Amino acid sequence: MKTSAGARSALPRTPLLRRSATAVGGALCVGALLTACAGGDTDRASGRDAAPAERTEASGEGWAFTDDRGVTVELDGRPETVVAFVGAAAALHDYGVTVDAVFGPLVGPDGEPDIQAGDLPVDEVESVGSAWGEFNLDAYAALEPDLLVSTMFVEDALWYVPDDSAAKIESLAPSIGLSVASPSTVVEAIERHSELAEALGGDLSADPVTEARERFEAAAEELRQAAEDNPGIRVMAASGSADLFYVSDPKASPDLSYFVELGVEMVVPDDAPAGFFEELSWENADRYDADIILLDGRTGVMQADDLADKPTWAQLPAVRADQIAYWTTEPRYSHAGFAPILEDLAEAIRNADRVA
């Protein structure tokens, strides 16, 4: 594991793209709607008892960190070889920590970094599996890992850790799970990633880190002001597949619920039985009025152009007004990673007209 103060705060602002996707909500699997999410039962950090009282401990003789499952990982010293889900790895990198290997989508088909990779040096970081359900156990074991880190969209389920190999993966190194789903908030998820980064040797007082925090705080205020200055703008987080239109419930996603906290008026679906979204047939895609549609923009999923031939999509007021904004459904939970998301939504709301 490498640490540095080089986590950049002045990230390029994410453009408002006219894109779509096949899945809504953090708990959905990329490219596979309604499939079971990863993680399953784990052996609770190789059988260690939970110790929720202290989140992080460090001394000259040992290292400990309590994750969001209440599991305390205790090691003789700071872990040297760390493997992490790419989104968690990107967040840690923003705080000056670069892991040794990742799993999850690292680069797209065009060879460019996946959006979840953030500022990771993708040419330098080894991957032990990029597709859903794939995790190269041999490559992972060869690294002799000290620690595995992943996010959690479902309680106690490590994201992108396959059920069928979870026990073997856990037997090779203890794991840390950081919650990025309700009831965790955006602020809590960001703070937890920064706490882990600090425990792994990151310097939270480094200029890029403090600048990113200041940018995040300013961006939150910017979004609050935009919502106040342009009242009544309704925003709908949605996604389209070949057969269905999905409307996400903001209560289930820390990012969407944070937008609501900042004053954004989000569409709340009437019926979200899975807790994350409501499924609508395309004939009923106009059930909810919205002035802005946030569309899932993950790499490798369905684009807005693919929806153009669907009459109900084309007739949605937000689509007709070209008020379609980019939705990072799996953001990296760092100040540097989340600030552009807030800035872009603020810009979309400032420039939006009431059309619904």
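How many salt bridges does the count come to?

A: This is a predicted model, and the count comes to 12 salt bridges. One of them joins the side chains of D94 and R332, with an N to O distance of 2.6 Å. D94 belongs to helix 2, whereas R332 sits in the loop between strand 16 (324–327) and helix 10 (335–351), so this pair links parts 238 residues apart in sequence. Both D94 and R332 are buried.

R215 is in helix 6 (residues 207–229) and E343 in helix 10, so the pair ties together parts 128 residues apart in sequence. R215 counts as buried because its relative accessibility is 17%; E343 counts as buried at 8%.

A further pair, R234 and E265, meets at 3.4 Å, N to O. R234 lies in strand 11 (residues 234–240) and E265 in strand 13 (residues 265–266), so the parts tied together are 31 residues apart in sequence. R234 is partly exposed, with a relative accessible area of 25%, and E265 is partly exposed at 36% relative accessibility. Salt bridges that share partners also join D67, R69 and E170 into one network.

Helix 2 (residues 86–94) and helix 5 (residues 186–199) pack at about 70 degrees, with axes 9 Å apart, so helix 2 is roughly perpendicular to helix 5. The crossing is right-handed. In the contact, A88, A91 and L92 of helix 2 meet H193, L196 and A197 of helix 5; these residues divide into 5 nonpolar, 1 polar and no charged.

Notes
Residues numbered from 1 in each chain as written. Predicted model: local features only at pLDDT ≥ 70, side-chain atom pairs only at ≥ 80, totals over all residues. Heavy atoms only, no water. Axes fitted to C-alpha atoms, helices over the stretch in contact; angles between N-to-C directions. Helix = DSSP H or I, 4+ residues; strand = E, 2+ residues; numbered from the N terminus. Parallel < 35°, antiparallel > 145°, perpendicular 65-115°, else oblique. Left-handed = near helix turned anticlockwise from the far one by under 90°. Contact = heavy atoms within 4.5 Å. Nonpolar A, V, L, I, M, F, W, Y, C, P; charged D, E, K, R; others polar. Salt bridge = Lys/Arg side-chain N within 4 Å of Asp/Glu carboxyl O. Buried < 20%, exposed > 50% of the residue type's maximum accessible area, 1.4 Å probe, protein only.
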